[in-house]
Amino acid sequence: MADPIETAKKTAARKAVEDHFDPTARYIGIGSGSTIVFVVQAIKDRNEDLSRILFVPTGHESRQVIVKAGLQPIQFDSLPSGVLLDVAFDGADEVDEDLNCIKGGGACLYQEKLVATHARKFICVADQRKLQSRLLSKWDKIPIEVEPLAAHSVLESLAALGSQEAIIRSGPMEESGPIKTDQDNFIVDAKFKHPLLPNPTKAEGVQGTKEDRQWPVETLAKEIKQIEGVLSVGLFCGENGFEAEKAGKRAGGQKPVAAYFGMEDGSVVIRKAGEMDVVVNKQGEERTKDSLSG
């Protein structure tokens, strides 16, 4: 019997590719994680001419997925100057009602953010477990990529921000030591007591004492990024690609413009900025729903 979670990922991937893959695209970002395998397969299954498309991976593993599928990879730093990716597909550890994301659970954080912020649109693909109203609801930590020499001072700074527990992520065998990213950095996982507030309009500022703070997503992301030694924060928030382009920026949008969540009943929930969630059933029929969580 098929694993319902894997089936849900596959269903979400197929719908996301159906809606956002353009065979005339020149550059497409391919993220990390198990869901992205289904995205690449969905692209292959369309039987389009993919010979002119270059696929930009977010790490070594995603490059292997691209190569195994017979597609052409290109490293981010080999892109022509001034070029934006037409679209980037990636997963997430959790997504809130405003499309803020937690990412970095697979330790490809910096390259994931690099690709997302240089795409005209970032499309998130996940299963129903990642669909929440607030970040840190089920996924209880924020991944942070740090320079190894600064790791312990970063831990102290996170404690000063109210993190209940911040640890350097280790490999599956404790004696193997800290996990290293493709950039040879460490990943710190930081826990905070309360789920994050989606946007500043729902909280004008930080609420509570240091030990009991309720942080707006963007505020916490900025505070962590300012810590010396932090390369990248696993909070993808602020503008999306469309909003960054409208503001006249060449790049910089971190949030997805849409997120696709595969559900165990075979439907797909589509969440877009400023819109009600849409549920697409197995027959392809759509209906709207004000909010879905958990």
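Guide: A residue is called buried under 20% relative accessible area, exposed over 50% and partly exposed in between, using a 1.4 Å probe and protein chains only. The model is predicted, and local features need pLDDT of at least 70, side-chain atom pairs count only at pLDDT 80 or more, and totals for chains, interfaces and linings use all residues. Residues are numbered from 1 along each chain as its sequence is written, and side-chain values use heavy atoms, with hydrogens and water left out.

By that cut-off, 51% of the 294 residues of the chain are buried. A compact globule of 294 residues would have a radius of gyration near 19 Å, and the chain agrees with its 19 Å; the radius is taken over C-alpha atoms, and the rule is 2.2 Å times the number of residues to the power 0.38. Along the principal axes, the C-alpha atoms fill a box of roughly 55 × 50 × 40 Å. With a contact defined as heavy atoms within 4.5 Å, residues 24 or more positions apart account for 67% of the contacts with a separation of 6 or more.

The part to look at is helix 6, residues 217-225, where Val-217, Leu-220, Ala-221 and Ile-224 are buried. These four cover an arc of only 100° around the axis, so they lie on the same side of helix 6; the arc is that of the directions from the helix axis to the C-beta atoms. What do the buried residues of helix 6 pack against? Their partners are strand 8 (142-146), helix 5 (151-160), strand 11 (230-233) and strand 12 (235-236).

The loop between strand 7 (122-127) and strand 8 holds Leu-136. Phi of Leu-136 is near 70°, a positive value in a residue other than glycine. Leu-136 has a relative accessible area of 7% and is therefore buried.

Leu-99 also has a phi near 70°, positive although the residue is not glycine. Leu-99 sits in the loop between strand 5 (94-95) and strand 6 (101-102), and its relative accessibility of 1% is why it counts as buried.

Technical notes: Helix = DSSP H or I, 4+ residues; strand = E, 2+ residues; numbered from the N terminus.
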